[in-house]
Amino acid sequence: MKKALALLLAAGLLLGLAGCAQKAEQPAAPPAAQQPPPQPEKPVVKVGTEAAYPPFEWVDEKTGELKGFDMDLIRAIADEAGFKADIRNMAWDGLIPALLAKEIDLIISGMTITDERALAVTFSDPYFKSGQVIMSHKDAGIKGPDDLAGKDVSVQVNTTGQFAMEKLNEKLKGEGKKLVNIKKFKSTPDAINEVKIGGAVACVLDLPVAVEHVKANPGDPFVIGQPINVEYLGMAMRKEDTDLHAKINRALAAIKASGRYDELYNQFFGK
């Protein structure tokens with residue numbers, strides 16, 4: 001018994017010595033004065049978008065991630081400008097009211113720079129050249145805007161598609177012709193679906209969005225006309241946020257100069 005106890009004590013002593021040896025091999029922590037200082041957290045800019053406008057912005061159905069040209073562009077701008085983009089998916093019609101109420105700090109959502117919107121917000125330098133097109137049912141025989149007289153046409157509410165049809169109606173009225181019956185929807189997918197189910201002969205929307213829809217839905221009976229105008233997209237901010245406005249424009253110019261903008265453009269729209 002005593003022999004066994006002696007053996008256990010000896011084994012414990014050896015294990016203790018081994019533990020001390022292992023501890024002795026660990027590098028000593030550097031003094032606090034030599035440790036790198038913690039990195040300051042980046043400021044957060046709250047970004048609003050309506051993620052139902054591919055290829056500019058959409059929600060990945062599998063991951064829930066916000067994807068699209070606008071999403072990657074604002075993330076690249078955030079990296080360049082040194083802030084974190086907190087992107088929030090909102091209803092289109094609520095974007096500018098949310099900006100003015102300071103619920104968000106910036107809008108990027110395929111938004112066209114217009115004189116009317118510029119009365120309420122400040123736009124960044126243009127980041128994309130686009131144009132409205134008439135995407136009609138292939139059996140409707142629509143060759144141009146004048147063929148829409150007296151027809152049902154769908155648009156997303158408060159978009160330049162709606163404004164283009166209102167401008168067309170002013171022209172038709174002056175010519176004594178029947179007006180376009182403008183059917184307004186909360187989202188572009190809803191406006192497109194109205195044509196698909198026969199509720200309208202055509203939908204008016206941005207050219208890249210029409211092309212993306214036809215590419216993703218080759219069975220849909222749509223034809224896309226030539227652009228009926230030229231528009232420029234911009235990021236909207238509050239008028240008093242002059243520092244953010246300058247920072248966004250500098251970052252946009254920098255990623256254009258570096259070639260990063262072209263990489264994103266080619267990724268979503270091709271060369």
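## Terms and model

Helices (H or I, at least four residues) and strands (E, at least two) are DSSP runs, numbered from the N terminus. This is a predicted model, in which local features need pLDDT of at least 70, side-chain atom pairs count only at pLDDT 80 or more, and totals for chains, interfaces and linings use all residues. Residues are numbered from 1 along each chain as its sequence is written, and side-chain values use heavy atoms, with hydrogens and water left out.

## The chain as a whole

The protein chain contains nine helices and 15 strands. Of its 271 residues, 40% count as buried, where buried means under 20% relative accessible area (1.4 Å probe, protein chains only). Among contacts (heavy atoms within 4.5 Å) with a separation of 6 or more, 73% are between residues 24 or more positions apart.

## Helix α6

Helix α6 spans residues 188-196, and its residues T188, A191, I192, E194 and V195 are buried. These residues cover an arc of only 150° around the axis, so they lie on the same side of α6; the arc is that of the directions from the helix axis to the C-beta atoms. Just after α6, G198 has a positive phi of about 90°.

## Strand β12

Five of the five residues of strand β12 (residues 202-206) are buried, so β12 is largely enclosed by the rest of the structure.

Two strands pair if DSSP finds at least two bridges between them. Strand β9 (residues 132-137) pairs with β12 in the antiparallel sense over five bridges, and M135 stands opposite C203 in β12. Strand β10 (residues 152-156) runs parallel to β12 and is joined to it by two bridges; here S154 stands opposite C203.

Key: Buried < 20%, exposed > 50% of the residue type's maximum accessible area, 1.4 Å probe, protein only.
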